[in-house]
Amino acid sequence: MNEFLCINDVFTTQQKQSFESLPVKGEKYTLKEEVVSLIDGKKGYVFYELPNPSHPNGQEYSFRPSRFKEALSREVSLVKEKEKEKEMVEIKS
């Protein structure tokens with residue numbers, strides 16, 4: 001499975017209204033499929049963790065690859081450590 005880290009989570013108001021799920025900078029996502037947008041012909045990524053509605057053309061909304069970088073195994077480990085720390089804080093609260 002290809003895993004990616006979000007490096008850009010800045011969206012326009014219109015984009016925020018179109019998507020149900022948006023990526024968060026520093027979070028890890030698993031690639032569901034790589035698509036070519038039927039709107040502009042550019043490559044996009046669809047992730048399992050970010051379910052979104054389909055565009056009226058039938059294609060699920062996708063994200064530009066420039067918003068992500070492929071996660072290296074060390075980076076994935078750091079993200080997992082961060083998730084564990086967050087869970088521990090939530091449990092203590």
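Reader: Why is the contact between D40 and R64 called a salt bridge?

Author: A salt bridge is a side-chain nitrogen of Lys or Arg within 4 Å of a carboxyl oxygen of Asp or Glu. The N to O distance between the side chains of D40 and R64 is 2.2 Å, so the pair meets the rule. D40 lies in the loop between strand 2 and strand 3 and R64 in the loop between strand 3 and strand 4, so the pair ties together parts that are 24 residues apart in sequence. Strands here are DSSP E runs of at least two residues and helices are H or I runs of at least four, numbered from the N terminus.

The model is predicted: local features need pLDDT of at least 70, side-chain atom pairs count only at pLDDT 80 or more, and totals for chains, interfaces and linings use all residues. Residues are numbered from 1 along each chain as its sequence is written, and side-chain values use heavy atoms, with hydrogens and water left out.

Reader: How many salt bridges does the rule give?

Author: The count is four. Among them is K32 with E60, where the closest N and O atoms are 3.6 Å apart. K32 lies in strand 2 (residues 28–36) and E60 in the loop between strand 3 (43–47) and strand 4 (68–70), so this pair links parts that are 28 residues apart in sequence. Another is E34 with K43, at 3.8 Å from N to O.

Reader: Is E60 buried or exposed, and what makes it so?

Author: Buried means under 20% relative accessible area, exposed over 50%, and partly exposed in between (1.4 Å probe, protein chains only). E60 has a relative accessible area of 17%, so E60 is buried.

Reader: Which class do D40 and R64 fall into?

Author: D40, at 37%, is partly exposed. R64, at 31%, is also partly exposed.

Reader: How does the protein chain run along its sequence?

Author: The pattern is β-α-β-β-β-α, with two helices and four strands.
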